[in-house]
Each structure stands twice: as structure tokens, then as C-alpha cells.
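Q: I am new to this structure. Can we go through how its helices pack and how its chains touch?
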Amino acid sequence: MSALRDTLLAQKSDVVLRYPESFRPALWARLNVMLVLGGVIGLYAYALVTLDFDPYRILGGLLRLTDIAAMMLPPTPDGWGRTQLYFEALGQTLAIAFLGTSLAAVLAIPLGFLAARNIVGNRILHFTTRRVMDSVRSIDTLIWALIWINVVGLGPFAGALAIMSSDIAAFAKLMSEAIETADRGPVEGVQASGGSRLERIRFGIVPQVLPIFASQILYFFESNTRSATIIGIVGAGGIGLYLSEEIRVLEWQRAAFLIVMVLLTVAIIDQVSQRLRAAIMGTSRR
Amino acid sequence: MVPLMRTYADAIAARRRQTALGLALGALALALACLGADVDIFVFWAKLGNFSSYFYRLSKLDTGAFVWTDPTEWYWGLRRWLGQLGETLLMAYLGTATGFVGGFVLCFLCSRNLVRSGWLRWLVRRYLEICRTVPDIVFALIFVVAFGLGPLPGVLAIAIHTTGALGKLFSEVVESIDMKPVEGIAASGGNWFERIRFAVLPQVLSNFTSYGLLRFEVNVRGATVLGFVGAGGIGEELITAIRKFYYADVSAILLLVMVCVMAIDLLSEQVRHRLLALEGARA
């Protein structure tokens, strides 16, 4: 191998002459890459200057950050009473995530059918549903939480409603896609044996999309557990309230304890839901 | 015929029982969740009117006229808000770009097909997991204490969270590549970096860019609320307006944010489709 390589290298100019197109630098492609890279880096530099990034401030901040990290150890809740309080808040967080996901799922199913092209023929209705869902989706959960706090007052209920609002649209979109890709065969079968429109949906489409829906619901529950941990920052219940409080009063050990609690909970929920999803998709493929 | 019917009836009954059990469990969990989340249907029913009336108030100016009758009065602070919106976008961009680089560097170190050493992979994976699981706004809360108010803590928070999220996605892409080019480079004497540069990168780059753009969309949305904790962007203005009940301002800013987020989504979707087309042409 290496002998071949040596002979090749010895005759390099000859080889280059014989296969010119393999050795010509791809000038245009290179220029394009350079332009895009230059744009990306230029914008980066512009952003650094515009946002007033000062290296001394970054350095000082990093030093303070190491101090903070040292103060976080070891994570402790300081006393049994507070531990109970934290675990109650964690339970509330899970309740918010579960309630928000269930509400969103229940409300999104009819919307999903409305937005699916093969169920609703009306293009205007279809288009409007999609655009309204896009605009609802573009608002962050925390903003929804602030709006719902104005409606139902401070507390976890506002948090659950916020999670519901920010998820409905994404949910409905995924469901409409699942419905659109469903196999037409069973629907035609039901139709051929005299099934009505509703029966076609119930016996032709629902059995196909139900496992997909279930696995999506679990997936959203996972991601909502994460959202529900922060929703307390604006006063909508859950563990986020304590987390932001302890950080504001610089109780770093307690804050670290809360963060560890969140990390563990999310990891456990992820594991459980992954197993369940695999099981659901497995039975559907049978 | 009769035994067959009976078997069928039994099977159906068993499935019904299973469904009923599942539904009962779900209902129980829901009831527990309602208890935990302090749900009060009567309060909700009584206050549901507030929801529509809140949006009604959002559509009114201080003078009592509808907002769309006087756009100049409605958008009195347009110049300032656009500036803050620009800051939000720049924050999202800086954070995404920095996180992209971080995820890019780390993803090769935790891919099973490129790194033999188990402990290095384990270490990098756990680091990425922590970055990804702690929400960016919690990082922002901590960084605001360390770095002071302003966009700097927000950008760092986005960057760290993005490193975790992208690092995981990237490593999944890298683990699913075709290993033949890598073996080819290794056989002709290329070292680890050359293998990545000439065998791995060409296979994954368009996927990486696509994921990066997707993350940018998510981060623009996230950056709009980082101001809630003092980490820069338009969120600061928004939370002040909401807390002080400046209804017309709230609707004006919300509309700006929605239009901006939707525009970014559309733009990035276009670019991603082009990338996919490019990939398809090459394959």
C-alpha cells in the first residue's frame, strides 16, 4: 500500500495532468462557502459589538460564577420543613404538566381533525385553522402564564392553562399530520360496507392514529415537565417559584438542591415515558 | 360456531375491561392533578369571562377607542420596541451560534463510532444532559447574579442550553453515518481530525445546519421571555406593560413579537427546504 502511495506521490505532477478535473480547486463552491461563512462571522462580530460585550465584564462574571458554583456545594434544603415544601412544589409541578398536557390533548383532537386535509375539504377553514394555530404557537409559555394569571389569578391553575395554550397548536398540527398520512384502505372498507361519515372516522382512522396520538401525548408530557418547572418564576405555581426566590436571596445551596431535584425528576419522567412510548409503538406495529 | 362466538365475546370483553381500567387510571391521575394544581371549576367558570374581557381590553387605547383606529397612538413606542426586538434577535443569534460551536465540538467526543474511551463519552454525555435539562431561564437567573443585568447573561444562558440540545442531536446524526469513508481515510493514513474533516463532515454538515436553524427558531421564541428575569431583550418591556396593565402596549408588543417569530420561522423553513433539496441533488 505504502509503495503504491510512494510511486503515486513521485508521479504527482503527471497524475495531476492526466486527471485535471479531479484536482482543479472548486472555485465557485469555495467562494460561496467563504461568503456564507463571512456573513455568519460578520453578523456574530456585529452582535458582539452592538450588545456591548466587554471582555473584562465576562471575565469578572466568570470568576463570580466559580464562587457561586463553590457556594452551591453541597446542595442542601436546610431542614425537614423546607424539604417537605419543596417536594409539595415538585408534586404541583407534575400536576401542572399533567393537567396542561391532558387539556391540550383533549382540545387539540377536534382541531387536528379540522386541520387535516383529508377530513375537511373546505380550504378556507383549513387555512384559517392553520394560521390561527401558527400565531398561538409563536407566543412563549411564560407569556401565556402572565395572561392567564390576569384571568384566574396567581397559582398553579394559571400554569396548567398556560401550558395548555402553548401546546394546543403544536399538538393539533402533529395530529393533523398523523391523520393526513393515515392509510385510506380501512376508510374505504368502512365506506364500502355502508358506514356513515362519522363511522368512517371512528373505525377507519381512529384505530390508526390512536397509538401515534398516545406517544405524542407522552412526549409532550416530558417536555411540559420541563416547562412546568420554570412557570413559577412569574407566579404560576410549581417549583419555579422557590427556585427563583432562593436564587434572588442568594441561598445557593438550596437553589442547587432544587436544581438537582428538577434534574432527577426530568430524568425519571424521560425514562418512564420512553419505555411507555416504545411499548405503545410496539403494539401498534404488531 | 358457538364456542368461536364465545371466544370472540371473551376477547372483546377483555379488551373492554382493559380500556375501562386504563380510563379509570387516567381519570384518577387527572383528579389527583386537579387537586394538586388547585383547580376550582367554579372559579374558572366565574372568571372565564375575564379571558375574553382581557383580550377586549387589550384592543382598547387609554382613550377608549379601538387600537386599530389610531395606529400611531397604538404604536407610540415603535422605534424603541423595534430596537429591543432587534436586540432579542441578536441575542438569539449569538447564543445559537455559540451553542452551535459548543455542540459541534462536543458531539464528536460522545459518538460511539468515533471515540473508543468509554469514560470520555460518559462525561461529555452527562455534561450535555445537564446543559439541556436545566431550562435556559434558570441559567439566566443565575447568570444575572454573576454578570449583572443586560443581554450578556441571556446570551450565555441560550448558548449553554443550545450546546446541550444540539450536542445530543448532532451526536445522533454522527452515530448514524456511513463508516466506509472514515475507514478509507484511516486506511490511507489520516489521523482523527482528518477523518472527521474529510469523512464525517461532508456527511453531516447539511443536517447540522438544519438542526441549528431549527434551534434558532426555538431560541428566538425563548429570548422574548428572558427579559422577564432581567436578561435583556423585549421581555423586560413586555412584563412591565403586563404588570402595570398598559393594555394597548401589551397588545402592540405581543403583535410585534408574533409577527417577528412567524417571519423567522418562515424564513428558516425556506432555508431548510433548500438545504434538503441540495442534499437530495447530491445523493
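A: Start with one helix pair. This is a predicted model. The axes of H5, residues 118-133 of chain B, and H7, residues 151-175 of chain B, cross at roughly 125 degrees. They come within 7 Å.

Q: Is the crossing of H5(B) and H7(B) left-handed or right-handed?
A: H5(B) passes H7(B) in a left-handed crossing.

Q: Which residues meet where H5(B) and H7(B) touch?
A: From H5(B) come Leu128(B), Glu129(B), Cys131(B) and Arg132(B). Among their partners in H7(B) are Ile160(B), His161(B), Gly164(B) and Lys168(B). The residues of this contact divide into four nonpolar, four polar and three charged.

Q: At what angle do H4(B) and H9(B) cross?
A: Their axes cross at roughly 145 degrees and come within 9 Å. H4 spans residues 78-109 of chain B, and H9 spans residues 192-226 of chain B. This crossing is right-handed.

Q: Which residues build the contact of H4(B) with H9(B)?
A: H4(B) supplies residues including Leu89(B), Gly95(B), Phe100(B), Phe104(B) and Phe108(B). H9(B) supplies, among others, Phe208(B), Gly212(B), Arg215(B) and Val220(B). By class, the contact has 11 nonpolar, six polar and one charged.

Q: How many residues does each chain give to the contact of chain A with chain B?
A: Chain A gives 47 residues and chain B gives 44. On the side of chain A, 30 are nonpolar, 12 polar and five charged.

Notes: Residues are numbered from 1 along each chain as its sequence is written. Chains are lettered from A and ligands numbered from 1 in the order in which they are written. This is a predicted model: local features need pLDDT of at least 70, side-chain atom pairs count only at pLDDT 80 or more; totals for chains, interfaces and linings use all residues. Axes are lines fitted to C-alpha atoms, for helices over the stretch in contact, and angles run from 0 to 180 degrees between N-to-C directions. Helices (H or I, at least four residues) and strands (E, at least two) are DSSP runs, numbered from the N terminus. A crossing is left-handed if the near helix is turned anticlockwise from the far one by less than a right angle, and right-handed if clockwise. Two residues are in contact if their C-beta atoms, placed from the backbone, lie within 7 Å. Ala, Val, Leu, Ile, Met, Phe, Trp, Tyr, Cys and Pro count as nonpolar, Asp, Glu, Lys and Arg as charged, and the others, Gly among them, as polar.
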